[in-house]
Amino acid sequence: MISLIDILVQLFILVLGIGVLIVGVLYVIDRTQTSHAIRRNYPVIGRFRYLFETLGEFFRQYFFAMDREELPFNRAERTWVYRAAKNTDNTTAFGSTRDLRPVGTIMFANTMFPTLAEENREITPLIVGPYTDFPFLHRYIFNASGMSFGAISTPALTALAEGTKRAGIWLNTGEGGLSAHHLNAGGSVVFQIGTAKYGVRDENGNLSEKLLEEIAAHEQVRMFEIKISQGAKPGKGGILPAIKVTEEIAAVRKIPVGQASISPNRHAEINSVPDLLDFVNRIRSITRKPTGFKTVIGSFEWLDELCVLIRERGEESAPDFITVDSADGGTGAAPMSLIDNVGIPVRESLPIVVDILTKHGLRDRVRVIASGKMITPTGVAWAVCAGADFVVSARGFMFALGCIQALQCNKNTCPTGITTHNRRLQRGLDPVDKAERVYQYAMGIRKELAIIAHSCGVNEPRELQREHCRIVQADGRSSPLVELYPYVEAA
């Protein structure tokens, strides 16, 4: 009778034999292939290099990187968002781990006489699009930036729509078109028109005025944003891999199923500053709703030219808003040459844009929206000090949804279900739970933005000015933002 030990020994010998056979086959393959020098010189063992390279970013994130070392967002920033989204205690003890010495560090100038609780005021609402038939009166400063359906999943979009509705803030569609998931919750939506005209394109890829009118007919669609460029990839259109172009997404975008969707690098209709103004007015005349554009800044001469042209045509011709995106903005997929090297960060571009509009007497006419890496109250408060009317974030809300910065957005393998259409991975994202977190995150920003404002001695965040913010300089001393970017007067 064969004993259990004999069976186990035979099984071990079988497994060992199969293992030796596999190693032998891999050895031959590695020795004879010519594509990878490491594998050719170190057969089989060389394959572990790719495994360690893949695992390295995860080990760095969890075991080796300090709280404030990582990019694009460090652990301290992500933790603040996670805690705000879960509505848990966001206080810290003993002392700050933030080094206040590096050049560019933001700090705020507290007053000797901070605002008392009974002196606090609700945030002042602003009108966007005063010359339109349907102007948009909006109160809250912090809103959700463009996240295209297709780039993000159905559960993620469902949670975003419900959470932003509860918080009373808008949700930008991104360039991927308008879906039922944007509308079902009943919140305010900003429809973005990208260079491919997704959702409002005819069979030739040109703007369809009929489809645009249908989009505008939805009461929830409050504004239209023409996407000129975004910070992560200025001069290049959006990229949606074929694996993400499902039947539903293809129907929303008006494109073929299962084919990679790559947007043109600019609007064919816009080849000059007059063309830009013409296109803004064309969209506005069709929709009868506030219309502006989004761009990352690379130079400023064109903006002066635009302002002069607006003055010639009349201020009603002006875009209702300009979204200033940062060179360090986010994306689902972009070439490294663009994501690393092209465009001006919002820390430099935003105050200059505000000053140019002020110089031409258009500051009150054109609302300014700031975008790019402002996921905590510090960044939002800085933007308000610099002159922004509103601030938008995409990645902040992705963290609220549970993003762990796995950097898998372009691979359909997002482990948290946010940027994948793999049903198994999407299952981990509960839209009901995540909608609550989106709501709490927005409220957390709102609460601590007010705390900063009151510490500076103003009654509400919109009263923050450049003198309330200081920036650390190369000599180790901080300078008020107003000294770095002095106020200008209208010409």
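Two strands pair if DSSP finds at least two bridges between them; strands (E, at least two residues) and helices (H or I, at least four) are DSSP runs, numbered from the N terminus. The model toured here is predicted: local features need pLDDT of at least 70, side-chain atom pairs count only at pLDDT 80 or more, and totals for chains, interfaces and linings use all residues. Residues are numbered from 1 along each chain as its sequence is written, and side-chain values use heavy atoms, with hydrogens and water left out.

Select residues 469-472, which form strand S14; S14 pairs with S15 in the antiparallel sense over 3 bridges. Within this part of the tour, pick Val-472, whose bridge partner in S15 is Ser-478.

Now widen the selection to the open sheet of 3 strands, ordered S1-S14-S15 with antiparallel pairing. Strand S1 (106-108) and strand S15 (478-480) are the edge strands, each pairing on one side only. On average, neighbouring strands of this sheet are turned by 35° against each other, direction ignored; axes are lines fitted to C-alpha atoms, for helices over the stretch in contact, and angles run from 0 to 180 degrees between N-to-C directions.

Next, select residues 377-386, helix H13, which packs on the sheet and touches S1 and S14 (contact means heavy atoms within 4.5 Å). The direction of H13 makes about 75° with that of S1.

H12 and H13 pack at an angle of about 30°, with their axes 9 Å apart. The two helices are therefore roughly parallel to each other (angles under 35 degrees). Val-346, Arg-347, Leu-350, Pro-351 and Val-354 of H12 meet Trp-382, Ala-383 and Ala-386 of H13 in this contact.

Terms used:
Parallel < 35°, antiparallel > 145°, perpendicular 65-115°, else oblique.
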